[in-house]
Every structure is written in C-alpha cells, then in structure tokens.
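User: I have a model open and would like to know what stands behind the words used for it. Could you go through them with me?

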Amino acid sequence: METKLNTGRCLTLIAAALSASFATQAWGDDLPSMGEESSPWQVDVTYENHTAHREHAGLAKFRNTMQLEADKKFGNGWGVHSILRGSWDGVYRMNSSEYGKDAGGSITSQSTVGGQLVTVPWGSVAGPIVGNYNGPPGNAFLDAYTNNPNEGLRTLGDRWHGIDGGVGMAVPVRPCDVDSRGCRDFGGYGDKTLSELEAPEFNDRLDFIRELYVKKTFSLGDGKDLFLKLGKQQVVWGRTDLFRVLDVINPVDYSRNNIYDELSDIRIPMWIAQAEYRMGASDSMQDRNFQLVWNFDQFRANNLGQCGTPNVILDAGCFFRGMANLWDNGGTVANFANVAPATYLATNFGPHQIGIRNVYLPDWSLSNTQLGAKFEGVTAGGLSFSLNALTYRSQLPSLHSINGNGTINPFTGTNGNLNPAIPVKSLIAFDMHFPRVNLIGGSMDFQLPAAGAAVRVEGAFTNGEEFANTSRSELFSKNDVFRAVIGIDRPTFIPFISETSATLISGQLFYQHIFNHEYHQAALGPVGMPDWEDNFIGTLLIKGFLRNGTLSPQIIFAHDFQAQATAMAPQVEWNVTNDLKVTLGANYKLAEGRSRWNFDDCRSCNPYPPFTGAEANVGISSGLGGMEPLGRFRAGPIGAAFKENDIFVRVNYKF
C-alpha cells in the first residue's frame with residue numbers, strides 16, 4: 001500500500017529542508033567521517049519554484065522543489081553519491097475546479113441520426129435515440145447510473161478534440177481519494193490521492209531518492225580498471241535530447257512536464273548494479289570500456305499521467321481511467337450502435353461489458369529483471385562509439401482484446417463466435433500487458449572540423465514491441481521497430497544576437513520505422529495500425545549567450561512530420577547572481593493535420609446483435625472511426641497537446 005502524505009507533513013518537510021540548507025556548510029563539516037582517508041561531505045541544496053499558466057485552464061503548475069545533492073569519499077577508495085528531491089505542487093488546491101477535488105462536472109453524450117449530430121443525455125433512458133444494452137445477467141444497465149453518477153466527469157479527449165460523430169465516453173477526473181472510479185495502478189500512476197499528486201516523490205517506491213549509490217574503482221594493473229556502482233541511479237546510454245532511442249533503461253515520468261523537462265529531471269531512478277571494465281588504449285583505439293547493467297528493481301512503467309492532472313501525455317491516462325470506469329461501473333458510449341446507415345446511437349452499457357478489465361504488472365522475479373551490455377570506445381581518429389544490447393520490459397502498455405481468442409463474448413456471456421468462420425472482435429474490452437522487448441543498437445559522435453560542427457548519431461532495433469492493430473482479432477500485433485536519430489551541434493556567430501559570443505545551433509532528426517506494418521483502406525476508412533509506418537520528428541535549438549553569459553535567450557522548435565504538429569518553446573534564462581537564476585518562457589503548439597488523426601475504432605467490426613454494423617461485414621472492420629481511442633497515436637505527444645499552451649516562470653536558488 002502506498003504511503004499517504006498529507007499536505008501539512010509535506011510542507012513541514014520542505015520547511016525543514018529550507019531551514020537546514022542555511023547551515024549547509026556546518027552540516028557537511030559535522031557529519032561523521034568514515035575512516036582516515038575519507039573527505040568531508042560536499043552538500044548542495046537547491047530550491048525551485050515552477051509556476052505555469054495554461055490557456056483555457058488557468059494555473060497549471062505551482063511546483064515547489066527542494067533538492068539536496070551530497071557526495072562523500074570514504075576510505076579505501078569508496079565513495080557515495082546521493083540526490084534527494086521532494087516537491088509540492090499547489091495547483092491541485094489553488095485551481096481545484098480544473099485539477100483538484102472540484103474538477104469536472106456533468107456531461108452529455110452524442111448520437112448520429114441520419115448523418116446529423118445530436119446531443120443526448122448521459123446515463124439515462126430518456127429520449128428515443130439512446131440505446132440500452134443489458135448483456136449477460138447481472139450486468140444490466142442501471143438507469144441514471146446510481147453506481148456511476150453524472151458528476152466529476154469530463155468527456156474523453158475534450159481538451160484536444162470534439163466527439164464529432166466518433167466514440168466518446170465519460171472520464172472521472174478527481175483525485176482517487178475524492179472519486180475512486182476508474183482508479184487503477186497502471187504502473188506507478190493512475191490511483192493517486194490528492195496528497196500523492198501534490199507530493200509525488202513521497203511514495204512506497206521512495207522516489208524522493210533520486211540517486212543513492214556507492215562506487216569504487218579497482219585497479220587491475222597494466223592500465224586496466226574495474227569500476228563498480230551499486231544503488232538507486234540513472235543509467236544514461238543516449239546522446240540525444242527530447243526523444244529516446246537507446247536511453248531506455250530507466251522509465252520516464254512524463255507527468256512532471258510532458259516531454260519538455262530535461263531527461264535528467266524526469267527519468268525514474270531504479271535500483272541498478274553497474275560494472276565497467278576499463279581496458280584503456282590499444283594499438284587502434286584511444287580508449288575501450290565494457291559495461292554490464294543489471295536493473296534488479298521491481299518493474300516500473302513510464303508515468304503517462306493520471307487523468308485529472310495537468311500533464312497527461314497523449315491523453316493516455318484519461319483513456320485508461322475512462323475504460324477502467326466503464327468496466328467497473330458501466331457507462332454511456334457516444335455514437336456506438338450502428339443500427340442503420342449513417343445512424344450511430346449513444347449506447348448505455350452495464351459493468352463488465354466493455355473497458356479495461358485487468359492490469360497485469362510484472363511481478364518481481366529474476367526473469368523480470370533487466371540486463372544490458374555496452375561496449376564503447378574512441379578510435380585513433382577521435383570517433384567515439386558504442387554498441388548496446390538490452391533485454392527489458394516495455395515501459396509502455398499494450399492492450400489485448402479479451403475477446404481476441406474467442407473465449408468470452410461480453411455481450412452474450414457465451415463462449416465461441418457467432419460465426420465460427422469469423423474471428424471474434426470487440427470494440428473496447430481489454431487487458432493491459434507489458435511485453436518483453438529486446439534491443440540492439442549503437443551510437444557514435446564525431447567532429448566535422450571543416451563545418452565547425454559536432455555530430456551525434458544513435459540507432460536501435462527492437463524485437464517484441466506491441467502496437468494497436470484493428471486488422472487482428474486480438475486488436476494488437478508484435479512488430480520489430482528501427483529507430484534512429486542524428487544531431488548536429490554548431491556554435492555560430494550571429495551578429496544581431498551577439499557580436500562577442502557564439503550562438504549554439506543544435507538540430508536533431510528522429511526516425512522510426514515499424515516492420516511488417518499493417519494498414520489498408522476499407523470501405524469507411526483506414527484499418528490496421530494507427531502508428532505511422534515511417535515517421536520523422538525534427539527539433540531545432542537556437543541558444544544565445546549575452547552579457548558575459550548571464551543572460552541566455554533560446555527557442556526550441558519540434559515538428560512531427562506525419563502528425564503535422566509543431567511545438568515552439570521560447571525562453572530567457574537570467575543568472576541574476578551565482579546562486580539565483582530566473583527563467584521566463586512559453587510553450588505553444590500548432591496543428592494542421594487534425595483530419596489525419598482519425599482512425600478505425602472497430603465499431604464496424606462488432607459482431608454482436610443488435611449492434612452489428614449496418615454498414616459493415618460482421619466481424620470485419622470497414623474502417624468506421626474517429627479520434628478515439630486510436631487517434632492519439634497518430635497525433636503524437638505534440639498533436640495530442642496542441643491546446644495546452646503555457647507561459648511559465650521558474651526560479652532557482654542555490655543555498
């Protein structure tokens with residue numbers, strides 16, 4: 001059971017850390033010295049306030065963070081390094097109508113009648129254009145959902161798209177101690193109370209420990225060493241920013257600030273053992289190292305954000321919570337029943353008919369730990385490279401249809417298919433899994449003296465990843481994937497920015513290819529895999545240095561070529577003193593390809609009467625679709641947040 005931390009206790013901890021920080025030097029001198037060869041503790045304490053205002057939502061962040069970094073050298077060459085971090089975000093109380101205990105409200109649903117969109121009641125039998133499906137005994141629709149009241153709700157996806165004739169459902173958005181509907185542990189998030197959302201590091205996984213490890217270098221003679229590091233840590237394999245290719249050993253907390261924080265701040269530390277054999281130079285190499293990494297911690301997924309919080313990447317956490325609520329309590333699904341051409345009725349379902357049934361998080365076992373190996377070297381010509389291999393659990397979930405093998409029909413409660421020649425398909429009835437993935441890849445960086453630039457390259461091939469696929473009866477498929485990125489960094493004198501300091505220009509181009517990609521046009525739209533077979537995302541950083549480096553303006557552009565979505569993030573960083581830094585910035589998105597995001601939702605492959613698709617072949621999708629639930633994979637992390645435009649101020653003070 002996760003540790004509960006109330007706000008008073010959190011504020012007390014922050015206040016204590018602030019008080020202690022004023023005595024940092026004395027504290028470091030007074031800590032016990034472990035042996036004659038040991039050194040004094042080196043301690044730094046930093047306070048940060050990050051306040052953000054979001055268009056249409058108001059205050060989106062009021063996060064106060066205390067971070068303590070301490071290093072100590074012990075006798076016999078051992079050393080310890082630690083980073084402790086605690087934060088408290090006041091947005092859940094200061095803007096409770098948007099993100100806290102008062103969030104959400106009552107909603108309506110939608111039917112399409114003769115091609116016309118009609119607003120209809122949610123959770124009611126009122127009106128001639130709402131259908132009821134009562135399913136197996138005990139799963140009957142409850143009028144007005146006394147077990148699922150129309151309060152504290154939002155419509156799935158309403159922050160980035162309208163229903164517009166597609167699937168729509170209710171999503172509870174209040175903290176889980178206020179409203180427990182749809183709350184599940186989706187891998188470290190999804191079931192958090194108000195206090196846990198406010199102070200996310202204080203939990204049973206001890207996330208306030210950002211790093212805590214011991215290390216030592218053993219001399220093996222002949223210029224060779226063995227370096228050991230054991231404890232809670234981040235293992236950084238990548239050479240790129242923003243998106244990850246090789247850097248996948250640690251999961252990532254996207255709930256902190258979507259994709260826009262530094263990876264060093266949003267990686268989730270894990271308990272890991274590292275061993276590095278440092279072989280030194282050879283006849284053809286300047287340096288050589290071989291590293292083994294064993295992540296023996298219990299599995300942890302990427303934190304995609306709990307629905308009702310400011311940062312829910314891809315809006316995925318809201319999809320998961322809405323689906324879990326449907327399974328537990330039933331609900332109204334907009335535009336579901338295709339009872340006649342161009343007619344799709346909002347449909348009421350009882351519990352245990354559609355939604356997410358179970359979440360299968362990998363238990364701790366030796367077979368569920370993760371193991372990686374890396375060889376890296378520097379050639380005589382100065383080219384640095386690495387060769388990497390890793391076996392791990394996917395940090396992103398995969399949804400498996402519970403009807404894909406024809407075992408359970410949630411509409412009749414019977415086994416088998418209505419037509420044995422047609423594989424059983426269901427719209428949205430799933431279990432969540434985290435498959436095993438194997439990765440091989442490599443990286444290199446080198447200089448281009450003629451261009452005055454540095455080049456960074458990464459590539460990785462993975463086996464075992466799973467993707468949504470509406471052309472399969474199980475509604476997912478396993479596919480091999482190749483990802484690569486190239487980055488070029490060049491300091492350039494731009495007189496109108498600065499005549500005395502070079503401006504850093506850094507560009508990156510990410511590429512992803514899914515092998516054996518399945519996609520085809522059916523009668524009503526595309527069917528198969530919503531993820532693009534080939535996609536590129538480009539980023540560009542322009543960063544200047546003014547007033548002897550104390551003032552640094554920058555702008556970052558990111559463009560998703562297939563989603564046709566762009567993010568722009570200008571900011572100015574001012575080092576007021578050596579200890580005080582103030583940053584002003586914004587994050588703005590544009591999206592031109594919204595019609596490209598619609599995708600098959602498998603309503604038209606539903607084989608169960610009376611909801612058999614009137615415009616489709618039973619059991620075979622005709623591609624009837626909308627934005628939910630799969631459009632988010634086509635929109636990507638930029639497109640799915642294109643209405644989340646922020647301005648922010650960040651203040652850092654080092655004691």
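Analyst: Gladly! Let's start with pairing: two strands count as a pair if DSSP finds at least two bridges between them. Helices and strands are themselves DSSP runs, numbered from the N terminus, with at least four residues of H or I for a helix and at least two of E for a strand. This is a predicted model, where local features need pLDDT of at least 70 and side-chain atom pairs count only at pLDDT 80 or more, while totals for chains, interfaces and linings use all residues. Residues are numbered from 1 along each chain as its sequence is written, and side-chain values use heavy atoms, without hydrogens and water.

User: What makes strand 2 and strand 3 a pair?

Analyst: Strand 2 (residues 58–73) and strand 3 are joined by 11 bridges and run antiparallel; the rule asks for at least two bridges, so they qualify.

User: Which other strand pairs with strand 3?

Analyst: Strand 9 (residues 209–221) does, in the antiparallel sense, over six bridges. In this pairing Gly79 faces Lys215 of strand 9.

User: Why is Ser82 called buried?

Analyst: Buried means under 20% relative accessible area, exposed means over 50%, and partly exposed lies in between, using a 1.4 Å probe and protein chains only. Ser82 has a relative accessible area of 9%, so the residue is buried. Ser82 sits in strand 3, where 10 of the 11 residues (79–89) are buried, so the strand is largely enclosed by the rest of the structure. Across the protein chain, 55% of the 655 residues count as buried.

User: What is Ser82 in contact with?

Analyst: Contact means heavy atoms within 4.5 Å. Leaving aside neighbours within four places in sequence, Ser82 touches Leu68, Glu69, Ala70, Glu211 and Leu212 by that rule.

User: How do you know that helix 7 has close to its expected reach?

Analyst: The expected span is 1.5 Å times one less than the number of residues. Helix 7 (residues 316–329) has 14 residues and reaches 20 Å from first C-alpha to last, close to the 20 Å expected. Helix 7 is also mostly covered, with 13 of its 14 residues buried. Just after the helix, Gly330 has a positive phi of about 80°.

User: Which strands does helix 7 lie across, and how is the angle defined?

Analyst: Helix 7 lies across strand 15, strand 18 and strand 19, at about 95° to strand 15. Axes are lines fitted to C-alpha atoms, for helices over the stretch in contact, and angles run from 0 to 180 degrees between N-to-C directions. Three strands form an open sheet here, in the order 15-19-18, with mixed pairing. Strand 15 (355–359) and strand 18 (398–401) are the edge strands, since each pairs on one side only. Strand 18 pairs with strand 19 (residues 429–433) in the antiparallel sense over four bridges, and Leu399 has Met432 as its bridge partner in strand 19.
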